Amino acid sequence: MSRRSVAKGIAWSVPAVAVASAAPALAASGAAPVPTFISACKYPGNSCSTRPKGYSLYFQIANPTSKTIYVYTVSIANLSGSALSFQFSVPPVPITVPANGSVSTEFVASSGNSAQQGFSADITITWGHNPTPPDPDNHPAITTRVNVVDTPPNCPPCPD
């Protein structure tokens, strides 16, 4: 066997060892939650005391793993066309997403005015497998870009 053959064999074995050592960590932690934007609406003016000048963004959050996922925080950033700020979620955080299941969520934001508007924004959630943070696996946050064409004043009745 030549030295070149031995060197080729070593070069191929190093990446295989690195991949093999990373696989158990990923398998233990599981995949990230999958937030899917459904729709958005607004509450007219100050018509809803729990959501004054409020906008609701509806999401379905799926859990593709066999471990329960908890959503710890939600934030809105990189807004264009609006000045919304995140207020709270329904259900409240931490949001429990069962193993191999999904949860319907409402992220409530407010604005300085209650105009019907379109906007784009990045919705970021932090998550883990413990009911309260920090999670020992230190999962990276998930960011989803939403493009809302319009916010019609057709939200469900105000949950005062």
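**Note on the strands, salt bridges and aromatic pairs**

1. The side chains of Arg51 and Glu106 come together in a salt bridge, with a distance of 3.3 Å from N to O. This pair links distant parts of the chain, since Arg51 sits in the loop between strand 1 (34-42) and strand 2 while Glu106 belongs to strand 6, 55 residues apart. Arg51 is buried, and Glu106 is buried as well. Please keep in mind while reading that this is a predicted model.

2. How many salt bridges does a search of the whole structure find? The search finds two, and the other one to describe is formed by the side chains of Arg145 and Asp122, which meet at 3.2 Å, again taken from N to O. Arg145 lies in strand 8 and Asp122 in strand 7, so this pair ties together parts that are 23 residues apart in sequence. Is Arg145 buried or partly exposed? Its relative accessibility is 45%, and Arg145 therefore counts as partly exposed, whereas Asp122, at 13% relative accessibility, counts as buried.

3. Strand 6, which covers residues 102-110, deserves a paragraph of its own. This strand is mostly covered, with seven of its nine residues buried. Strand 2 (residues 54-62) is joined to strand 6 by nine bridges, and the two run antiparallel; within this pairing, Tyr58 stands opposite Glu106 of strand 6.

4. Phe59 lies in strand 2 and Phe107 in strand 6, so the pair ties together parts that are 48 residues apart in sequence. Phe59 is buried, with a relative accessible area of 1%, and Phe107 counts as buried too, at 3% relative accessibility.

5. Why is the pair of Phe86 and Phe107 called edge-to-face? The ring centres of Phe86 and Phe107 are 6.3 Å apart and the planes stand at 75 degrees, so the pair is edge-to-face, given that planes over 60 degrees apart are counted in that way. Phe86 in strand 4 and Phe107 in strand 6 are 21 residues apart, and the pair links distant parts of the chain. Phe86, at 25% relative accessibility, counts as partly exposed. Taken together, Phe37, Phe59, Phe86 and Phe107 form one aromatic cluster.

6. A further point concerns an open sheet, in which four strands follow the order 5-3-7-8 with antiparallel pairing. Strand 5 (95-97) and strand 8 (142-148) stand at the edges, and each has a single partner strand, so one side of each is left without a neighbour in the sheet. Neighbouring strands of this sheet are turned against each other by 40 degrees on average, when direction is ignored.

7. The pairings of strand 3 (residues 69-80) can be traced residue by residue. Strand 3 and strand 5 pair in the antiparallel sense over three bridges, where Val71 stands opposite Ile95 and Ile69 stands opposite Val97.

Conventions. Residues are numbered from 1 along each chain as its sequence is written. This is a predicted model: local features need pLDDT of at least 70, side-chain atom pairs count only at pLDDT 80 or more; totals for chains, interfaces and linings use all residues. Side-chain values use heavy atoms; hydrogens and water are left out. Two strands pair if DSSP finds at least two bridges between them. Axes are lines fitted to C-alpha atoms, for helices over the stretch in contact, and angles run from 0 to 180 degrees between N-to-C directions. Buried means under 20% relative accessible area, exposed over 50%, partly exposed in between (1.4 Å probe, protein chains only). A salt bridge is a side-chain nitrogen of Lys or Arg within 4 Å of a carboxyl oxygen of Asp or Glu. Rings of Phe, Tyr and Trp (its six-membered ring) pair if their centres lie within 6.5 Å; planes under 30 degrees apart count as stacked, over 60 as edge-to-face and the rest as tilted.
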